[in-house]
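Open the model in your viewer and keep the selection panel at hand.

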Amino acid sequence: MTVEQLDKARVLISLKLQDMEAYAISIDKLNIKDSNSKEALRSILHYAFEKFGINTENKAVLVEAMPHREGMIILVTVDALHSLRKVYRIKKPKTRQVCRFDSAEGLLSCIEHLKAENIRLLPNSLWQYKKGYYLLFEFSGTSPKAKMVLSEYARCYSFSLPRIARIKEAGVEIIGKNAVKIIAESMNRGD
């Protein structure tokens with residue numbers, strides 16, 4: 001085994017076939033989840049760090065292995081946790097549930113069913129856009145029971161905020177707040 005310090009943060013370890021047999025590791029089975037490979041790698045790294053006096057406390061250790069015809073090469077990079085690798089988080093676009101009813105009859109039947117089942121919905125508004133009626137929810141997350149009833153009468157989608165804004169700009173607001181509750185209460189008065 002040959003160990004070289006490339007700079008203050010990197011060490012190159014070259015293992016010959018005999019070294020790999022002695023440590024019982026191979027490039028195919030080199031996996032941190034395998035306890036034998038993990039112990040062998042830990043032993044090799046411990047030897048290299050002690051040889052050059054490299055301190056790994058509060059630092060990230062990146063291990064890269066590559067096979068070659070006489071064995072395996074391991075490149076070890078020791079660096080501060082924040083500067084080793086950038087992590088990018090992908091933000092999911094905010095969406096809200098929207099249910100599109102093709103007819104007023106379907107909308108009223110749905111509300112009647114919701115009322116009969118005593119299902120409460122999140123705050124919502126009712127809009128007419130193009131040839132449909134849109135029930136726009138102010139928050140994400142509807143109960144499974146409510147989703148089941150809504151999907152019987154309407155097509156429910158998750159729309160992005162810009163798409164909802166398009167409906168509000170080009171559509172006509174029928175009821176601004178708690179549309180389902182207001183319509184359900186007006187159905188009670190008709191009985």
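Which residues are exposed on the other side of helix 5? Before selecting them, two notes on reading this tour. The model is predicted, with local features needing pLDDT of at least 70 and side-chain atom pairs counting only at pLDDT 80 or more, while totals for chains, interfaces and linings use all residues. Residues are numbered from 1 along each chain as its sequence is written, and side-chain values use heavy atoms, leaving out hydrogens and water.

**Stop 1: helix 5**

Select residues 144-153, which make up helix 5; helices here are DSSP runs of H or I with at least four residues, strands are runs of E with at least two, and both are numbered from the N terminus. Colour Ala146, Val149 and Leu150: these are buried, meaning under 20% relative accessible area, with exposed being over 50% and partly exposed in between (1.4 Å probe, protein chains only). They sit on the same side of helix 5 because they cover an arc of only 100 degrees around the axis, the arc being that of the directions from the helix axis to the C-beta atoms. Now for the answer: Pro144 and Met148 are exposed on the other side of helix 5.

Next, show what covers the buried residues of helix 5: the cover includes strand 5, helix 4 (104-117), strand 7 and strand 8.

**Stop 2**

Select the open sheet, where 5 strands follow the order 8-5-7-6-9 with antiparallel pairing; two strands pair if DSSP finds at least two bridges between them. Its edges are strand 8 (155-160) and strand 9 (172-175), each pairing on one side only.

Zoom in on strand 5 (residues 95-101) and strand 7 (residues 132-137), antiparallel strands joined by 4 bridges. Pick Arg100 and you will find its bridge partner, Tyr134, in strand 7.

Helix 5 packs on this sheet, touching strand 5, strand 7 and strand 8 (contact means heavy atoms within 4.5 Å), and its direction makes about 40 degrees with that of strand 5. Such axes are lines fitted to C-alpha atoms, for helices over the stretch in contact, with angles from 0 to 180 degrees between N-to-C directions.

Then select helix 6 (residues 161-170), which runs at about 105 degrees to strand 8.

**Stop 3: the whole chain**

Zoom out to see 7 helices and 9 strands. The C-alpha trace spans about 90 × 30 × 30 Å along its principal axes. Of the 191 residues, 32% count as buried.
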